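Welcome, and take your time with the picture below. Once it is on your screen, we will walk through it together, one part after another.

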Amino acid sequence: MKSFTNNNGTFYNGDCISGAVTHIPDNSIDLIITDPPYGINGDKLQKHYNRNEEFVIEGYVEIPQTEYADFSLKWITQAERVLKPGGSIYIVSGYTNLIDILNALRQTDLKEINHIIWKYNFGVFTRQKYISSHYHILFYEKPGGRRTFNLESRFGLVEKTEEGRSHNNADREDVWIINREYKPGQIKNKNELPMKLLTKMIQYSSNEGDLVGDFFLGGFSTAKVAIGLNRRVIGFEISEAMYDAKIIEMEKIIPGQLISNLRSPSIKEIKNLGQSWTEEDYVKLTKRFTSLNANGKNKKQIIAELGEEFGRGHWAIEKALKKSDIKFVKKSKAGKLTDFLEK
Ligand SMILES: C[S@@+](CC[C@H](N)C(=O)[O-])C[C@H]1O[C@@H](n2cnc3c(N)ncnc32)[C@H](O)[C@@H]1O
């Protein structure tokens, strides 16, 4: 099998199933991000994406629909084998053959973490039905190890959107609205994934130096972003035309070159994170809570202030209040004081 290795990547020109058997040891990959062929007839695919195919490289290898279930089971079984325990896998899938991918996943021990919907632009124009404008991203883990999930890698828990919502929560919702990249005049694979989408998965689910696998390299988008973010990459592409065209581009990618483009999340250090509470702490907490409550602050404000004072996170304060059986006292509309514990 033809291959190319540079300092951070090894790429094979060949079938990912037999290639994985020969070239990838068990339990060796930290994260797999992959986008298998969709099992849609070529001409229809062109119509489906509604665009000029002049710059699309010939040679995208499709899998006939009749073979799709068997094919999916074979490559997903290999993906499971090569993932480290605790490793993550993201599979991008259209709707047509999603059922085969899900059935294959259910025949493995891989465990579902999220079913993400990726909403994109450039849906296909239709008159008599709704416009298809989403893909599925199946996010699974291999059980048996601690899974990397870099909670504050993109937005700190304290960061707020303009509407006052948590930025971190918004970024971690399971519907991702990310536009496709329109690359006029550039040589490309039929369906390249946008950099923003890949960056998000790589940031949350891996660390610098980790090994990222892609069984279906296509335009090598996953590889480019992963190496740009200082990860290592191993992958396969069966089409020789695609492989040859893209491997030239890989030679120019500098490890870590995308890191300076990432935003720096603002992360507040929680001084006493993980420390146990003393009896004295509980007494002080009760006093401070009662006093702030009497001053008319709402529960959210009180918890935020106590978090600062005690060097603890929101949930630690909530838990300590519950344990001390401290009740929030709110003025009712009628002006009377009503005792209740907010949920
Ligand atoms: C949907 S594309 C991948 C696109 C890629 N994620 C990108 O962003 O450019 C799927 C690719 O898998 C390749 N392919 C099909 N069967 C394969 C196989 N058995 N082993 C490796 N690659 C295969 C196709 O030629 C195609 O380039």
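Helices (H or I, at least four residues) and strands (E, at least two) are runs assigned by DSSP and numbered from the N terminus. What you are looking at is a predicted model, in which local features need pLDDT of at least 70 and side-chain atom pairs count only at pLDDT 80 or more, while totals for chains, interfaces and linings use all residues. Residue numbers start from 1 along each chain, as its sequence is written.

E1 and E2 run antiparallel to each other and share five bridges; two strands are said to pair if DSSP finds at least two bridges between them. Across this pairing, Ser3 faces Tyr12 of E2. E2 also pairs with E9, this time in the parallel sense, again over five bridges. There the bridge partner of Tyr12 is Phe236.

Is Phe11 buried or exposed? Phe11 is buried, because 22 other C-beta atoms lie within 10 Å. The cut-offs are these: buried takes 20 or more other C-beta atoms within 10 Å of a residue's own, exposed 12 or fewer, and partly exposed lies in between, with C-beta atoms placed from the backbone. Beyond its neighbours within four places in sequence, Phe11 is in contact with residues including Phe4, Leu217, Ala223 and Ile247; a contact means that two C-beta atoms, placed from the backbone, lie within 7 Å. Phe11 and Gly213 are 202 residues apart in sequence, yet their C-alpha atoms are 9.9 Å apart in space.

Now turn to helix H8, residues 240-250, where Met242, Tyr243, Lys246 and Ile247 are buried. These residues lie on the same side of H8, because they cover an arc of only 120° around the axis, the arc being that of the directions from the helix axis to the C-beta atoms. The buried residues of H8 pack against E1 (2-6), E2 (9-13) and E9.

E9 leads us on to the ligand: helix H7 (221-228) and strand E9 (232-237) each supply at least two residues of the shell around it. Of the 20 residues around the ligand, Asp35, Phe216, Gly218, Gly219 and Ser221 come nearest; a residue is near if its C-beta atom, placed from the backbone, lies within 6 Å. The shell divides into nine nonpolar, seven polar and four charged residues. Here Ala, Val, Leu, Ile, Met, Phe, Trp, Tyr, Cys and Pro count as nonpolar, Asp, Glu, Lys and Arg as charged, and the others, Gly among them, as polar.

For another stop, find Ser133 in the loop between strand E5 (111-119) and strand E6 (134-141). Ser133 counts as partly exposed because it has 14 C-beta neighbours inside 10 Å.

Finally, step back to the chain as a whole. It has eleven helices and eleven strands, and buried residues make up 31% of its 343 residues. The chain averages a pLDDT of 88, with 87% of the residues scoring at least 70; pLDDT is the predictor's confidence in each residue, from 0 to 100. Over residues 42-53 pLDDT stays under 50, and it also stays under 50 over residues 333-343.
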